[in-house]
Structure formats: C-alpha cells, structure tokens
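Have a look at the structure first, then read on.

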Amino acid sequence: MTKAHGDHLNGRAKRWFDLSIIEGLTNPDIARRESVTPAAVRKWQMAAIKQLQEQFGDTE
C-alpha cells in the first residue's frame with residue numbers, strides 16, 4: 001500500500017494539509033479554527049510545500 005502525500009508530512013505542515021487539502025478550508029478559516037494568525041498558517045503551508053518538494057521533487 002502506498003502512502004498519500006499528506007502522510008509524508010509532519011508537524012504543522014501535516015495539520016495544514018489535512019485542513020486545507022482534505023477538509024477544504026481556506027488559510028483564513030484555518031487561522032480562525034486554530035487560533036493563530038494568517039501569517040502562521042502561510043508558514044505551515046510553505047513548510048508543507050517544501051516537505052512535499054523534497055520528498056517528490058519539484059515538478060516545475
């Protein structure tokens with residue numbers, strides 16, 4: 001069985017992936033739900049992107 005992309009993430013990056021990609025929430029929605037700033041959520045998003053690029057390579 002293969003892992004889903006989100007399974008390759010850890011920490012807040014995984015939390016962002018689960019809330020954004022799986023649940024469909026926007027970054028502002030995530031910020032409100034997690035009681036953090038939108039800037040913090042953007043950092044989580046960037047961490048998720050970086051981790052996925054490191055794991056699967058940059059496709060651009």
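## How two helices cross

The crossing of α1 and α2 is right-handed; a crossing gets that label if the near helix is turned clockwise from the far one by less than a right angle, and left-handed if anticlockwise. Helices here are DSSP runs of H or I with at least four residues, numbered from the N terminus. This is a predicted model, where local features need pLDDT of at least 70 and side-chain atom pairs count only at pLDDT 80 or more, while totals for chains, interfaces and linings use all residues. Residues are numbered from 1 along each chain as its sequence is written, and side-chain values use heavy atoms, with hydrogens and water left out.

On the α1 side, Arg12, Arg15, Trp16, Leu19 and Ser20 meet Asn27, Ile30, Arg33 and Glu34 of α2, contact being heavy atoms within 4.5 Å.

## Glu34 and its partners

Which residues does Glu34 touch, leaving aside its neighbours within four places in sequence? Glu34, in helix α2, is in contact with Arg12, Arg15, Leu19 and Trp44. Arg15 is 19 residues from Glu34 in sequence, and their C-alpha atoms are 9.8 Å apart in space.

With Arg12, Glu34 makes a salt bridge at 3.9 Å, N to O (a side-chain nitrogen of Lys or Arg within 4 Å of a carboxyl oxygen of Asp or Glu). That pair links distant parts of the chain, with Glu34 in helix α2 and Arg12 in helix α1, 22 residues apart. Arg12 itself counts as partly exposed at 45% relative accessibility; the cut-offs are under 20% relative accessible area for buried, over 50% for exposed, and partly exposed in between (1.4 Å probe, protein chains only).

The whole structure has 5 salt bridges. One of them joins Glu23 and Arg33, whose closest N and O atoms are 2.7 Å apart. Glu23 sits in the loop between α1 and α2 and Arg33 in helix α2, so this pair ties together parts that are 10 residues apart in sequence. Glu23 is partly exposed at 46% relative accessible area, and Arg33 is partly exposed at 46% too.

Arg32 and Asp29 also pair up, at 2.6 Å, N to O. Both lie in helix α2, 3 residues apart, or about one turn of the helix. Arg32 counts as exposed at 58% relative accessibility, whereas Asp29 is partly exposed at 29%. Elsewhere, salt bridges that share partners join Arg12, Arg15 and Glu34 into one network.

Helix α3 takes in residues 38-56, 19 residues in total, and reaches 27 Å from its first C-alpha to its last. That is close to the 27 Å expected at 1.5 Å a residue, the expected span being 1.5 Å times one less than the number of residues. Its buried residues are Val41, Trp44, Ala48, Gln51 and Leu52. Seen down the axis of α3, they fall within an arc of 95°, so they line one face of the helix; the arc is taken from the directions from the helix axis to the C-beta atoms.

What covers those buried residues includes α1 (11-22) and α2 (27-34). The face of α3 turned away from its buried side carries the exposed residues Lys43, Met46, Lys50 and Glu54. Just after α3, Gly57 takes a positive phi of about 90°.
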